[in-house]
Amino acid sequence: MDIDKIRNMAIAPIIQAYDKRDTILHALGLGYGADPLDEAELPFVYEKDLRCVPAFANILCHPGFWAQDPQYGIDWVKILHAEQYLTMHRPLPATGTVRGEYRVAAIEDKGEGRGALLHQEKDLFDDATGDHLATVRSTLFMRGNGGEGGFGDPMTPAQPIEERTPDKVVEIATLPRQALIYRLSGDWNPLHAEPAIATRAGFAKPILHGLCTKGIANRAILSAYCDNDVARFKSMFVRFSKPVMPGETIRVEFFEEGEGRMRFRAIAVERGEVVLDRCSATVA
């Protein structure tokens with residue numbers, strides 16, 4: 001891995017326009033509208049008084065899979081999406097044009113044979129007004145690298161959640177075709193659509209996108225703590241621990257810490273496996 005090239009890499013700002021169709025399609029990919037009579041969720045999937053789910057910031061202005069470029073020396077086949085942190089500075093407009101600015105914030109070397117963590121940061125701005133909308137920080141676990149050095153300021157490791165009875169629980173059922181809908185928002189990885197490729201990757205069937213699982217947790221936070229008011233949502237962090245199979249029910253367990261702060265985890269009910277762990281969120 002060429003540490004200097006990665007540290008000095010420059011990704012040109014990315015401009016992306018989105019309209020009501022894109023906003024609604026992303027919400028449908030998260031399962032909004034499963035009950036068409038649920039008026040609390042209708043503003044996310046109907047153009048009248050349309051709202052944009054904060055999790056949409058995760059996928060806007062995506063820079064592409066630059067780690068595949070051989071000049072960086074990254075074993076990209078063995079990369080896993082480990083963590084994702086989202087901070088909202090102001091709500092995303094229901095439609096608009098945004099500018100994404102990127103940097104590699106850090107590489108955290110775990111040692112030879114132990115891998116490395118790459119921390120990438122994206123800032124989203126309203127391209128018309130210049131308003132800072134969101135900051136997204138993602139962590140990639142590079143299993144095939146390590147022992148090659150590092151740089152920057154990595155995120156503080158997330159701590160385990162205290163074992164106690166949750167303060168609130170929200171269950172959201174996914175659809176068997178959920179991944180086929182979500183991928184239309186921009187992640188075309190065939191792992192989420194083609195059974196043969198999923199089998200080669202060691203899964204019984206195509207899996208749900210990790211960012212879709214995070215978006216479903218965002219749904220749970222909005223409904224349980226924000227009355228679906230996106231302006232009240234401030235931030236969330238997730239650690240991806242296991243994949244979700246489309247059609248499973250996701251149970252989100254919340255552990256309140258006061259003053260709008262909480263920890264949470266998400267469990268695939270049918271398998272009893274934790275799929276998002278050591279998570280946190282803040283709301284107004």
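Glu83 counts as buried in this predicted model because its relative accessibility is 9%, where buried means under 20% relative accessible area, exposed over 50% and partly exposed in between (1.4 Å probe, protein chains only). Glu83 is found in strand S2, residues 79-88. Helices (H or I, at least four residues) and strands (E, at least two) are DSSP runs, numbered from the N terminus. The side chain of Glu83 makes a polar contact with the side chain of Arg239, at 3.2 Å. A polar contact is a pair of N or O atoms within 3.5 Å; within protein, one must be able to donate a hydrogen and the other to accept it, and residues adjacent in sequence count only if both atoms are side-chain atoms. Neighbours within four places in sequence aside, Glu83 is in contact with Arg137, Ser138, Thr139, Met155, Phe237, Val238, Arg239 and Phe240. Contact means heavy atoms within 4.5 Å.

Residues are numbered from 1 along each chain as its sequence is written. In this predicted model, local features need pLDDT of at least 70, side-chain atom pairs count only at pLDDT 80 or more, and totals for chains, interfaces and linings use all residues, while side-chain values use heavy atoms, with hydrogens and water left out.

The chain has five helices and eleven strands. Its radius of gyration is 19 Å, close to the 19 Å that the globule rule gives for 284 residues, so the chain is as compact as a globular protein of that length. The radius is taken over C-alpha atoms, and the rule is 2.2 Å times the number of residues to the power 0.38. Along its principal axes, the C-alpha trace spans about 55 × 45 × 45 Å. Buried residues make up 48% of the 284 residues. Among contacts between residues at least 6 apart in sequence, 71% join residues at least 24 apart. The chain carries 33 positive and 40 negative side chains, and the centres of the two sets lie 2 Å apart. Lys and Arg count as positive and Asp and Glu as negative; His and the chain ends are not counted. The place of a charge is taken as NZ of Lys, CZ of Arg, CG of Asp or CD of Glu.

Helix H2 covers residues 20-29, and Thr23, Ile24, His26, Ala27 and Gly29 in it are buried. The buried residues of H2 pack against strand S1 (14-18), H3 and helix H5 (210-225). Asp19 caps the N-terminal end of H2, with a side-chain oxygen 3.1 Å from the backbone nitrogen of Arg21. Gly31, with a positive phi near 95°, follows H2.

Gln178 lies in helix H3, residues 178-182. Gln178 counts as buried because its relative accessibility is 1%. A polar atom of its side chain lies 2.7 Å from the backbone oxygen of Gly29. Not counting residues up to four places away in sequence, Gln178 touches Leu28, Gly29, Leu30, Gly31, Leu208, Cys212 and Pro246.

Two loop residues have positive phi values. Cys61, which is not a glycine, has a phi near 55°. Cys61 lies in the loop between H2 and S2, and counts as buried at 1% relative accessibility. Asn228 is not a glycine either, yet its phi is positive, about 60°. Asn228 sits in the loop between H5 and strand S8 (233-240). At 7% relative accessibility, Asn228 counts as buried.
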